[in-house]
Amino acid sequence: MTRARIAVTGATGFVGGAVAAVLTAKGHDVVCLVRSDPGPGFPWPARRVDLQDTGSVAGALEDRDGVAHLAILNDFARMYAQRREAHDAYVGLTRRVVDAANATGCTVGYVSTDWVLDGTGHLATEDEPPNPVNFYGVLKAASEMVVLERARRGFVARVGGVQGVHRTRPAGPRAQDVGFGYFVLSLVDALRAGERFTVWEDAAINSVATPITSSEIGALLGRAFDREVDGVLHFAGATAVTRRELAHATCDVFGLDPSLLDVGPPPEHARLPAPVPYDTSMSGEVTMARLGTRAHTVGEQLQALRRERDEGRVVALS
Ligand SMILES: NC(=O)c1ccc[n+]([C@@H]2O[C@H](COP(=O)([O-])OP(=O)(O)OC[C@H]3O[C@@H](n4cnc5c(N)ncnc54)[C@H](OP(=O)(O)O)[C@@H]3O)[C@@H](O)[C@H]2O)c1
């Protein structure tokens with residue numbers, strides 16, 4: 001399958017927007033499946049679908065070769081407060097997408113997370129069984145299983161330590177959290193404004209990861225659709241780093257003053273009402289060989305991110 005016709009769910013969001021941008025830049029025919037009108041400035045073709053209705057999703061997949069499924073209810077507090085709603089927004093929705101794809105002969109590419117891991121390993125390989133420590137990880141692991149067991153054609157791509165530019169909301173959200181997402185650009189913004197930045201260190205937060213850019217995730221998804229792979233893939237950078245190491249690497253690549261960095265615990269309000277995995281670094285060696293590319297170092301990922309940020313371009317390494 002080359003230059004596949006791909007539908008993307010979650011394209012109004014952070015990672016999904018990058019996926020839509022990169023797949024489009026690489027010549028794929030992209031259509032975004034949205035649940036409400038994304039407005040006139042939305043950069044890619046969009047189709048309104050009722051994500052509660054398998055038939056509605058199937059109708060939107062009739063002319064597609066694949067669907068990259070990234071839509072999630074991304075709200076930890078609500079997830080815990082409204083568990084049935086959350087289960088449906090993750091596992092139920094993934095089941096509807098898989099059933100719609102099966103009905104239309106589409107391949108499902110499900111974007112999962114390093115938080116399906118329990119955080120006690122290091123550079124976990126693709127055959128590492130999930131052992132999530134919180135409800136988000138449980139819902140993602142259950143959704144992985146739906147794809148692996150139910151999709152006629154499909155794959156699971158675990159991503160983590162995702163860094164990138166938000167394509168539909170360039171100004172944000174951009175703040176350090178107990179995961180690795182947004183870490184680099186929140187640090188860049190602070191130091192470029194001459195502000196100090198506290199790198200959080202704490203045994204109860206996600207402290208080691210293998211960062212990758214959101215654009216690189218898009219490029220790898222394109223390869224996975226083109227090569228019709230199956231099973232579990234790890235979309236991971238080549239370098240496992242701590243938050244402190246990532247902060248210093250960011251200063252090197254973006255030409256920032258590391259003396260503006262402090263180290264300290266996260267503020268209480270930033271903690272999640274649940275355990276968080278500590279070391280979610282993943283090895284993507286097997287995946288990269290299957291996709292005919294290689295994992296890129298943290299330096300390469302940061303150089304690419306700097307070009308994206310400062311030149312407004314889409315930079316995919318693979
Ligand atoms: N960000 C990271 O660092 C990271 C790390 C690991 C894995 N991931 C995975 O990457 C994927 C995308 O994450 P993200 O950070 O890009 O999320 P995000 O920015 O919060 O975007 C979420 C997307 O899902 C849609 N959505 C929200 N609630 C929904 C619901 N109840 N039903 C259907 N769609 C809903 C949103 O659309 P509307 O505009 O309609 O609200 C939006 O397009 C997820 O599968 C996540 O598990 C992300």
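Predicted model: local features only at pLDDT ≥ 70, side-chain atom pairs only at ≥ 80, totals over all residues.
**View 1. Helix 10 and its buried residues.** Helix 10 runs over residues 298-311, and its 14 residues reach 19 Å from the first C-alpha to the last, close to the 20 Å expected at 1.5 Å a residue. Val298, Gln301, Leu302, Ala304, Leu305 and Glu308 are buried in this helix. They cover an arc of only 160° around the axis, which puts them on the same side of helix 10. An α-helix has 3.6 residues a turn, so residues three or four places apart point the same way.

View 2. Just after helix 10 comes Gly312, which takes a positive phi of about 65°.

View 3. Seven strands, in the order 3-2-1-4-5-6-11, form an open sheet with parallel pairing. Its edge strands, strand 3 (46-48) and strand 11 (231-235), each pair on one side only, and the twist from one strand to the next averages 25°.

**View 4. Strands 1 and 4, with helices on the sheet.** Strand 1 (residues 5-9) and strand 4 (residues 66-69) run parallel and are joined by four bridges, with Ile6 standing opposite Gly66 of strand 4. Helix 2 (residues 54-61) packs on the sheet, where it touches strands 1, 2, 3 and 4, and its direction makes about 160° with that of strand 2 (29-34). Helix 4 (residues 83-104) lies across strand 4 and strand 5 (107-113), and it runs at about 175° to strand 4.

Note on methods
Residues numbered from 1 in each chain as written. Heavy atoms only, no water. Helix = DSSP H or I, 4+ residues; strand = E, 2+ residues; numbered from the N terminus. Expected span 1.5 Å × (residues − 1). Buried < 20%, exposed > 50% of the residue type's maximum accessible area, 1.4 Å probe, protein only. Arc of directions from axis to C-beta. Pairing = 2+ DSSP bridges. Axes fitted to C-alpha atoms, helices over the stretch in contact; angles between N-to-C directions. Contact = heavy atoms within 4.5 Å.
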